[in-house]
2 protein chains.
Amino acid sequence: MTETTAPSSSSTTTPAVVPDAAQALVEKHRETLAQATEALQQRAFHSRYPESPSPKVHGEEAAPTGLKAHEAALGAQFESLASQPTTGQWVGAEKSPYGPELGVTYPELDVDAAMEAATAAARAWRNAGPEARAAVCVEIIDRIHARSFEMAHAVMHTSGQPFVMAFQAGGPHAQDRALEAVTVALQAQREVPESVVWEKPAKGEPIRMQKDYRVIGRGVGLVIGCNTFPTWNAYPGIFASLATANPVVIKPHPMAILPLAVTVEVAREVLAEAGFAAALVQLAPENPGGTLAKDLALHPAVKIIDYTGGPGFGGWLETEAAAAGKLVYTEKAGLNTVVVDSVENMRAATGNLAFSFSLYSGQMCTAPQNVYVKAEGIATDEGELTAEEFGEKLGQAITHFNKDDAKAVEILGATVNDDVRSRANDFAGLAERLGGTVLLAPREVEHPKFPDAVVRTPGIILLEAADREAYTNECFGPVVFLIRTESTEESFQVATETVREHGAMTMAVYSTDEEVLAEAREVAADAGVALSENLQGQIFVNQTAAFSDFHGTGANPAANAAYADAAFVSNRFRVVTTRRHV
Amino acid sequence: MTETTAPSSSSTTTPAVVPDAAQALVEKHRETLAQATEALQQRAFHSRYPESPSPKVHGEEAAPTGLKAHEAALGAQFESLASQPTTGQWVGAEKSPYGPELGVTYPELDVDAAMEAATAAARAWRNAGPEARAAVCVEIIDRIHARSFEMAHAVMHTSGQPFVMAFQAGGPHAQDRALEAVTVALQAQREVPESVVWEKPAKGEPIRMQKDYRVIGRGVGLVIGCNTFPTWNAYPGIFASLATANPVVIKPHPMAILPLAVTVEVAREVLAEAGFAAALVQLAPENPGGTLAKDLALHPAVKIIDYTGGPGFGGWLETEAAAAGKLVYTEKAGLNTVVVDSVENMRAATGNLAFSFSLYSGQMCTAPQNVYVKAEGIATDEGELTAEEFGEKLGQAITHFNKDDAKAVEILGATVNDDVRSRANDFAGLAERLGGTVLLAPREVEHPKFPDAVVRTPGIILLEAADREAYTNECFGPVVFLIRTESTEESFQVATETVREHGAMTMAVYSTDEEVLAEAREVAADAGVALSENLQGQIFVNQTAAFSDFHGTGANPAANAAYADAAFVSNRFRVVTTRRHV
């Protein structure tokens, strides 16, 4: 490894030390990062990784090659990660929501040895500087992209997402979010100049000092993955920490290890090729029922934690891990909210909502759940409706949208766990317990290829605004609450209060009245939640675009962070100044 | 109040709502903020507020007018703050470290009513947008600057700082740090565009969406002031929170209320004149021995806490308040470190250090305490020295520097509390308890104007590297530990370990060897502390320049934040996106 001075740091006396191979990546990805930076500043449309799984984009061989790679992984030891410090044990008990056992096992990490290796690897990574780190990260993401079809199968058979969604959300969309995190992190680090000659006017000669500013990491970044979006929700934390000079240890959900194992394999390959220690990225898999996440969270070497998952452990991290001095970024759960005041085009609006409720069976952290509708007088292009009539039409749209089993499964995917299945299977019981009325029952859908998959269409329960206890728990999965209010004003009030108290990742409003829309924007700002207005085309409330839409706000209890704003990256690094007279 | 659309937001559908008077301030301070932003990007020398108390700068009347204003405040009720929600009680028991009781009383805040008023005031402040908030903040700082002489007396007679230092550190330097915080905050908010038309390529027509981004605050920012730097250490938090759309409640140290009362008076005047509620800035004074800081920290309306002070309460905030979901920014205490390897110019180096040790009697959070010196073979221009010989020469420099009482008090100031005084008064006892040898005893200095002031020159205790327990407690005040090590390598090792474990705000190194200096930079990066190399002129290790030097790093236990990097501001606000089809 030759020590090369990065071109941009030539004036400092503590220059970046960049291995040749990494410097080549700096050149290779300079334009990519320039474009991404520009997109981010404008928050305009930007996507480096094409979302279509079409052979026109990826070539005829990509899909079969990816499938073959996935099939080769099944029932085998994931050997490449045995280069990590391991205990000698192999773990893993993944079972596809579509039925089959994956049968993959992974080397168990020797945590203390892994932390030591990570910490030892950090100095060279720190001294390489922000530009080299960003370029290496882009190379990692590019190489992950090249395995998008393989990843799609891995994501599908761990999360239960339908194939095309698994390709998109688990592949290019996750990769775009990864690149976004790298770009935000690079931008934040670039704000600190590497060097300045500071000149203070004084009697006679000015006082001159050379000052150098060096970005340093905080320590090991722990990323705790979730079952439903193993890559999409993990990449922002992984790449934000890595780009800001922190080694990363990734603890996948026990039922969704494979997508992150592939990710870590790629990252370690690229890091080693670029002249750095593979120990900068390590995977910490475990069997179901373990306590590894907690143990890792409290490990002294861990300084940063990114978590996606249930509010129980998320809350523990926000209190206990935060009290232990860790930086904690969480995304938990919330009551995603729709307020219906009036509707310009019922067919388009209910069609749009039907898609949002159906996509991956409502198992997205951004899927709407609570629909607040004033009891009477909803002006629509299909006449004035009551809340119940609106609910019926929404139900018809959901039914119509999912009428064909073979097509429906390509949207609904499979239910991911027993908790979700129990709600879908005993929907009438759920409605009864909540004191509501079933407006639409979920329908059993048969998967043509995977008979063991449990697939259900969304159901709707009608509740009253007064039943606040009934609708202030997140019912993850294909459950919609239609909540009848006295007025849109009450809808907004309840929405504000419930979002402030219980959180939300998304909010939507339907109104033809500009004043109501203006009020909705104030409500969104008061409650700290992103707002989509009158969606009726190919944009859905549960989907956000990297580089343009923030995912979450960090301003309500659903999540304490957003993908990816300055707050998401700027505390992951620190600046050390050295100064001397010149 | 007329609603004016801020010029930069004309394309959005949720425009900033800026009162006319505030809009005038936007115009007035546009150039000031542009210059400050440019300085920040380069980290070049920048100072808006001249540090010299000379009549040539401020006019002949400024000094006597300031003194008169200060004298008018003494022994009286601080009436202007009675416009806050109050309990009807008056509190305050400040006593100058120079002797006199201040006799000022302040209206006690009705906390719940104050939080309600603050929260109610926040919406208009939020909706005014970043540019208007920044401009109003600059106007506040300018008006504080106009009262710098009055402030100097208030700071001197609460902190014990000597007059010129109180003028500079309590006035212009604090004001520059305030402007820095406003500028960093504005820059972070400007990174988020107000609006974009997002265009996604699609079959046929692209999908077009209008997206607006609105900055929202987090909630009430609580700023807990300290006794020694009531304004300097409070302004960054106050102005960072205010500029990012958060109302602020300031809880001054019970012995240093007056400087922040003047500050709050000015802020409320300016806010009201600019068309906002004065409740955006409120003062929460209390008598000594109260629990108000704790009560306020846990108040549900408080979301952000800035604290400067001892590690006990700071540690409580970092655990308990953090666990309660508050954003906590602390500056506590540490072991500021000097490593002496070799010295080019002993006279200049020991003179520089003598000033650093003497200034305000070592009662700066940045004042050096632990001087690591290899036992033998220190190459200097005065020959090769042993550690003890170096210590003796350092002692001579301190003695020489403080030889004239009347001049010495203008540097030493007065000891601020009994804790500091006890160490200075029983220095031999301290050395004995620590198992060290007194190389220089503190000298009693008589203050020509204030006979009751307790003024002591710094003393030096010689310790061995093995006595780690002895030198790993902060001994705030005029105490220097000269710690004898086997080698500079050991000095660096002990420095790294102690700073990592106990924290430090500053580190200095003296060496004529470029390799040693390079290693010192790695040590600084490893320990996460700012480094000053070979200071021997008019720049001192305990002074940092706004816009150029970060104050603290946030990377070691002395402080979890730095004045003022992106991490200091970017989590104080959130962004809410609203999007719709166009």
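Copies are superposed by least squares on the C-alpha atoms of residues with pLDDT of at least 70 in both. The model examined here is predicted. Two copies of a chain are related by a rotation about an axis and a shift along it. For chain A and chain B, the rotation is 180 degrees and the shift along the axis is 0.0 Å. The superposition leaves an RMSD of 0.0 Å. Within chain A, the residue closest to the rotation axis is A323(A). Its C-alpha lies 2.6 Å from that axis.

Chain A itself is divided into two parts. Domain 1 covers residues 49-332 + 562-581, and domain 2 covers 337-533. Domain 1 is thus written as two segments, because the domain assignment gives both ranges to it. The centres of the two domains of chain A, taken over C-alpha atoms, are 33 Å apart. Their contact draws 17 residues from domain 1 of chain A and 21 residues from domain 2 of chain A.

The size of an interface is often given as the accessible area lost when the parts come together. Between domain 1 and domain 2 of chain A, about 1,300 Å² is buried. Carbon and sulfur atoms account for 68% of this area. On the domain 1 side, P97(A), Y98(A) and P162(A) lose the most area to domain 2 of chain A. Together they make up 35% of what that side buries.

Polar links across this interface were also counted. Two residue pairs are in polar contact between domain 1 and domain 2 of chain A, both at pLDDT 80 or more. Helix 7 (148-159) and helix 8 (163-170) of chain A each supply at least two residues of the domain 1 side. Helix 7 of chain A gives the largest share, four residues. By residue class, the domain 1 side that touches domain 2 of chain A holds eight nonpolar, eight polar and one charged.

Salt bridges do occur elsewhere. Side chains of opposite charge can pair when their charged atoms come close. Over all chains, the whole structure has 72 salt bridges. One salt bridge joins the side chains of D212(A) and R580(A), with 3.1 Å from N to O. This pair links distant parts of the chain, 368 residues apart. D212(A) sits in strand 6 (residues 207-217) of chain A, and R580(A) in strand 23 (residues 573-581) of chain A.

Terms used
Residues numbered from 1 in each chain as written. Chains lettered and ligands numbered in written order. Heavy atoms only, no water. Contact = heavy atoms within 4.5 Å. Buried area = accessible area lost by both parts, 1.4 Å probe. Polar contact = N/O pair within 3.5 Å; in protein donor to acceptor, adjacent residues only side chain to side chain. Nonpolar A, V, L, I, M, F, W, Y, C, P; charged D, E, K, R; others polar. Salt bridge = Lys/Arg side-chain N within 4 Å of Asp/Glu carboxyl O.
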